[in-house]
Amino acid sequence: MKPRARILVFVAVLAGAGGLTALANPNLFYTLITEEVDGAVLTAPEAHEAAVGGQITLIDIRRPDEWARTGSGEGAHRLDLRRDDFVDVLLEISGGETAAPVALICARGVRSARLANRLIAAGFTNIIDVPEGMLGSAAGPGWIARGLPLNMDMPSDS
């Protein structure tokens, strides 16, 4: 076998092993694709306590179909990440201040980490990530598995 062919076989085997590992442990997969957050982080219980206590504005940035399937965390505003006017609505929800403490939660911490970094780069100064998300990640078991209260009402802020 030619050296180049050996390298291609090795890469294919390595990629296949990585894929199997990711399938066997989805949290590892999400860890590999999740960005490091430049801002603060909270666990799901800390985010819940701070949201219902009025210390933060908690934003569930998932899609409406995800909210319909699982509900959102008690105290969370639902704001679909894909909205063209996301920043404007976020500012409206948070009282118009880029320094207001805003925590972001998604399913497993991937989208919230990326969005947190983008919002920080855009001038928001108090963005907080909830990296375990609603469904769990390497950061923790997630809102639902922790048995934290859910709001099952149909999306309104979307």
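The bridge partner of D60 in strand β5 is I105. The structure is a predicted model, in which local features need pLDDT of at least 70 and side-chain atom pairs count only at pLDDT 80 or more, while totals for chains, interfaces and linings use all residues. Residues are numbered from 1 along each chain as its sequence is written, and side-chain values use heavy atoms, with hydrogens and water left out.

Helices (H or I, at least four residues) and strands (E, at least two) are DSSP runs, numbered from the N terminus. Strand β2 covers residues 57-60, and β5 covers residues 102-105. The two strands pair in the parallel sense over 4 bridges, where pairing requires that DSSP finds at least two bridges between two strands. Both belong to an open sheet of 5 strands, with parallel pairing and the order β1-β6-β5-β2-β4. At the edges of this sheet are β1 (40-41) and β4 (76-78), each of which pairs on one side only.

T57 lies in β2. The residue is buried, because its relative accessible area is 16%; buried means under 20% relative accessible area, exposed over 50%, and partly exposed in between, with a 1.4 Å probe and protein chains only. Apart from neighbours within four places in sequence, T57 is in contact (heavy atoms within 4.5 Å) with H77, I93, P101, V102 and A103.

Strand β2 is also packed against by the buried residues of helix α3. This helix spans residues 44-52, and A44, A47, H48, A50 and A51 are buried in it. Just after α3, G54 takes a positive phi of about 80°.

F86 is found in helix α5, which runs over residues 86-93. F86 counts as buried because its relative accessibility is 5%. With neighbours within four places in sequence left aside, the contacts of F86 are I61, L79, D80, L81, L115 and L119.

Helix α6 has 12 residues, 110-121. From its first C-alpha to its last, α6 reaches 17 Å, close to the 16 Å expected at 1.5 Å a residue; the expected span is 1.5 Å times one less than the number of residues in the helix. The buried residues of α6 are V110, S112, A113, L115, A116, N117 and L119. Just after α6, G123 takes a positive phi of about 110°.
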